[in-house]
Every structure is written in structure tokens, then in C-alpha cells.
Amino acid sequence: MKKYLYPADVLIPKENFEKWSVIACDQYTSDKKYWNDVESIVGSTPSTLKLILPEIYLNESEKRVEKINATMKEYIKDNVFGCEENCMVYIEREISGGAIRQGILGLIDLEDYEYESGSKTLTRATEQTVPSRIPPRVAIRKDAPLEFPHILIFIDDPEDSVFSSVSRKKNELKPLYNFNLMKNGGHIEGYRIEEADQDKINVCLNTLIKDGLLFAVGDGNHSLATAKECYRLSGNPLSRYALVEIVNIHNPAIEFEPIYRVLFGADKTDIMNYLNLQNGKNESDIIHKFTVIDNTSEDEISLFATSKLPVGTLQGYLDDYLKLHPEVEIDYIHGIDSVRELCENKDTVGFLFDGMKKDELFDAVILDGSLPRKTFSMGHADDKRFYLEGRKIK
């Protein structure tokens with residue numbers, strides 16, 4: 001039988017789960033207090049905090065990476081982990097608001113994944129990968145003996161065939177952990193999935209393939225790209241696979257929020273004139289509408305679609321505009337009120353638009369390739385995946 005998700009020899013700490021599990025490294029990247037609080041909570045107890053590099057400390061990566069790898073070896077030597085062999089894990093994560101996000105932890109084959117835009121592989125990136133973000137991550141992973149994922153991967157399963165095959169048997173599964181995550185992270189439970197149910201999962205996954213696409217990376221795109229690069233460099237059979245959590249994009253706990261664009265050092269009239277001029281060169285049957293804001297007014301503009309999504313159409317125009325105006329800076333902003341507040345300042349121009357609906361993602365990836373960077377956000381920062389389960393990669 002063809003496999004799409006593989007079991008792993010999953011490493012789980014034997015105790016102190018609350019201190020062990022910390023949020024993904026790409027969260028709170030400007031909030032040193034958050035990470036200082038985590039350090040205070042963890043103290044001297046074994047923790048994934050000591051096995052990862054929070055992005056707020058990327059400028060200290062050289063001196064931290066050696067310590068991370070040494071700590072991994074120390075934890076292996078000190079028998080910190082128990083090992084669940086040949087295992088997938090069924091996960092229920094209670095997030096903000098009380099919704100439950102279901103997940104299944106397993107391995108994907110990196111031979112079936114490319115992160116370049118336009119890729120036709122079984123697993124594809126959902127947003128453009130920034131090449132400069134990969135080398136610092138490779139430096140961390142290339143000599144590491146263990147991996148701990150924060151990667152969430154979507155499947156498009158409107159009938160919920162994959163998770164219903166497991167969740168209805170939850171009371172028959174072996175419990176692996178059940179605890180509260182630190183700092184408003186919610187609650188998490190994990191259960192071992194045995195081989196017979198692993199086979200059922202793969203049978204269901206086979207029915208979900210559309211135009212050659214099964215898995216779309218929802219979170220952790222650059223981490224998965226790093227895993228691919230390390231596999232290319234090493235050829236190590238263990239590094240051919242990456243540990244990920246798959247989630248159904250139709251799960252009610254998964255919410256998409258648009259990420260808006262704001263330009264600094266910009267003139268709204270000049271931008272509007274530029275957009276109108278370029279617009280006539282790209283006629284199509286579809287119109288995308290945008291609200292353009294500065295400290296004097298809000299105006300509407302309609303642009304012929306150059307992408308399936310409004311954000312893709314807009315980002316293409318803005319990329320070209322920014323090349324002509326290097327003095328202008330762009331930022332990616334969550335929340336309409338935040339955009340309006342920023343645009344009260346002089347020479348600041350914001351763009352509001354309709355966000356992508358969940359059921360548009362797979363079609364957009366198939367049609368456009370990977371989407372523009374910062375197309376959507378998956379809920380609140382505290383709802384991101386926490387590091388918990390790991391495995392050996394050397």
C-alpha cells in the first residue's frame with residue numbers, strides 16, 4: 001500500500017511536560033519579555049527551550065547553536081526521553097476560545113516536497129520561501145542529532161474522513177500525554193495510533209489527492225525547507241523524512257485572518273496613479289477591490305486580477321512599485337484597526353482587502369504556485385504549535 005504519512009520512533013519526555021513544551025521559535029520575535037518569562041518558568045529543568053533557537057536571538061546563533069547540539073546529546077545520554085516505536089500520534093489541542101484542533105503527527109517524505117513556487121510535488125509550500133532565511137536554520141539543523149517540529153501541514157478533507165477514522169476510537173488508544181501548555185497555550189492531549197489505524201489513515205489520504213497535491217504547508221514553511229536542504233546536503237536516510245503534524249483545513253478551530261499591507265515613506269496619490277497606469281496593461285475577467293488609506297482619506301480602487309487572490313494581485317503591483325521607489329518600506333499588519341492607526345501618520349499608506357477563505361487555499365496553490373509571503377495568519381500567536389515530540393535524525 002502506498003504511504004503518504006509514515007510512523008516514526010517518537011521521543012517524548014518522561015516527565016515535566018509543562019516545562020518541556022514551548023511555543024514555536026518564530027513567535028514573539030520582538031518580545032524579549034515573553035522569552036524571558038519562558039526561561040524563568042523552565043529554570044534548570046530539561047526543556048525544548050534549550051533545543052531550539054527563538055528567532056529573537058537569531059543574531060546570537062553562532063554561540064547558541066553549539067550549546068543546542070550539546071544539550072541534545074546530553075538529553076539522549078541522560079535518558080530524558082521515552083520512545084514510542086513505529087508510532088503516529090493523534091493530537092487534540094484546545095486553543096483560545098475553547099475550540100479543539102485535531103492533528104496527526106507522523107513523517108512525510110522530503111522526496112515528495114519542493115518549496116519552489118510552481119512545484120508539482122505531493123507536498124508544497126503555501127507561501128513564497130525567502131532564500132535568505134534558510135542558511136541560518138541549516139546551521140542549526142545540520143549537526144543536530146534530534147528534530148522537534150512546529151510544522152503544521154494542511155489536508156483538504158471536507159468529509160473529515162482521516163480524523164473521523166481515528167477520533168471515534170480515541171478511548172481505545174494509548175494515552176501519551178495530557179497537560180496544560182504554558183503561557184496561555186491551552187491544553188493538549190496525545191494518543192498513540194497503532195499500525196492498523198495508520199493504514200486506514202493512508203487509505204483515506206490517497207482519496208484526497210487533487211492535481212497531484214495532498215499536503216500544503218500551513219505553518220513552519222522555512223523549517224521544512226531547511227529540512228529539505230539538510231537532506232540534500234547529507235543524503236542521510238534518516239534526514240529524508242521530516243516529523244510534522246497534519247491538520248484538516250476544514251477543522252472549525254482553524255481560522256484564517258488576512259495580513260494587510262502598509263507602506264511607509266509613501267505618497268498615496270503617487271501610488272494610486274501608478275496602480276491605475278499599470279492596471280490597464282493587465283485586463284482580465286476578474287476584478288479585485290482594495291481600500292487605500294492615508295491620514296487624509298480612504299479611497300477605493302479596482303484592479304484587474306493577476307492572481308487568484310486579491311493579496312496576490314496587490315503584492316505583484318507593490319513589488320514592482322517598491323523596486324522603483326527604494327525609499328519606501330513595506331510592513332505586513334494584522335487587523336484593520338491597526339492599519340488605520342498606523343495610517344494616521346504622515347506618508348503612510350495602507351491597503352485593506354478581502355482575505356482568503358480556507359476553501360480557496362488548495363486551489364490557489366494549484367493555480368498560482370506558492371502564495372505571496374504573509375498571505376494569511378492562522379489565528380493567534382498563542383495557538384501556534386508548541387514543541388513537544390521529537391525523533392532522532394542522526
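User: Which residues lie nearest the centre of the largest pocket?

Analyst: The largest pocket has a lining of 31 residues, where a pocket is an open set of points on a 1 Å grid over the protein atoms alone that has protein on both sides within 12 Å along at least five of seven lines, and a lining residue has an atom within 4 Å of a point. This is a predicted model, in which local features need pLDDT of at least 70 and side-chain atom pairs count only at pLDDT 80 or more, while totals for chains, interfaces and linings use all residues. Residues are numbered from 1 along each chain as its sequence is written, and side-chain values use heavy atoms, with hydrogens and water left out. Those nearest the centre of the largest pocket are Asp26, Gln27, Asp219, Lys374 and Lys384.

User: Which elements give two or more residues to the lining of the largest pocket?

Analyst: This pocket has a volume of about 830 Å³, a volume being the space filled by probe spheres set on the grid points, which are joined across faces, edges and corners. Helices (H or I, at least four residues) and strands (E, at least two) are DSSP runs numbered from the N terminus. On that basis, the elements that contribute two or more residues to the lining of the largest pocket are strand S10 (215–219), H7, S12, S15 and S17.

User: How many charged residues are in the lining of the largest pocket?

Analyst: Ala, Val, Leu, Ile, Met, Phe, Trp, Tyr, Cys and Pro count as nonpolar, Asp, Glu, Lys and Arg as charged, and the others, Gly among them, as polar. The lining of the largest pocket then has 7 nonpolar and 13 polar residues, and the number that are charged is 11.

User: Which element supplies the largest share of the lining of the second largest pocket?

Analyst: The second largest pocket has a volume of about 260 Å³. It is lined by 15 residues, and Leu49, Lys50, Ile52, Arg64 and Lys67 are the closest to its centre. Helix H2 (32–42) and helix H3 (61–77) each give two or more residues to this lining, and the largest share, 6 residues, comes from H3.

User: What is the volume of the largest cavity?

Analyst: A cavity is a set of grid points where a 1.4 Å probe fits but cannot get out, and the count comes to 3 cavities of 30 Å³ or more. The largest cavity is lined by 23 residues, with Ile140, Arg141, Phe148, Ser223 and Tyr387 nearest its centre. Its lining divides into 16 nonpolar, 3 polar and 4 charged residues, and its volume is about 410 Å³.

User: Which residues line the second largest cavity?

Analyst: The second largest cavity holds about 40 Å³ of space, and its lining divides into 3 nonpolar, no polar and 4 charged residues. The residues concerned are Ile91, Arg93, Arg101, Ile188, Glu245, Arg385 and Phe386.

User: Which exposed residues does the face of H6 turned away from its buried side carry?

Analyst: Helix H6 (residues 195–206) has buried residues (under 20% relative accessible area, with exposed over 50% and partly exposed in between, for a 1.4 Å probe and protein chains only), namely Asp197, Gln198, Ile201, Asn202, Cys204 and Leu205. Because these cover an arc of only 160 degrees around the axis, taken from the directions from the helix axis to the C-beta atoms, they lie on the same side of H6. The face turned away from that side carries the exposed residues Glu195 and Ala196.

User: In S16, which residue stands opposite leucine 263?

Analyst: Two strands pair if DSSP finds at least two bridges between them. Strand S12 pairs in the antiparallel sense with strand S15 (residues 329–334) over 6 bridges and with strand S16 (residues 348–352) over 4 bridges. In S15 the bridge partner of leucine 263 is isoleucine 330, whereas in S16 the residue opposite leucine 263 is valine 349.

User: Which residue in the turn of the S8 and S9 hairpin has a positive phi?

Analyst: Strands S8 (residues 174–180) and S9 (residues 187–193) run antiparallel and are joined by 6 bridges, with phenylalanine 179 opposite isoleucine 188. The hairpin has 6 residues between its strands, and the turn residue with a positive phi, of about 50 degrees, is lysine 183.

User: Is isoleucine 95 buried or exposed?

Analyst: Isoleucine 95 is found in the loop between strand S2 (81–94) and strand S3 (100–109). Its C-alpha atom is separated by 9.0 Å from that of histidine 380, 285 residues apart along the chain. With a relative accessible area of 9%, isoleucine 95 is buried.
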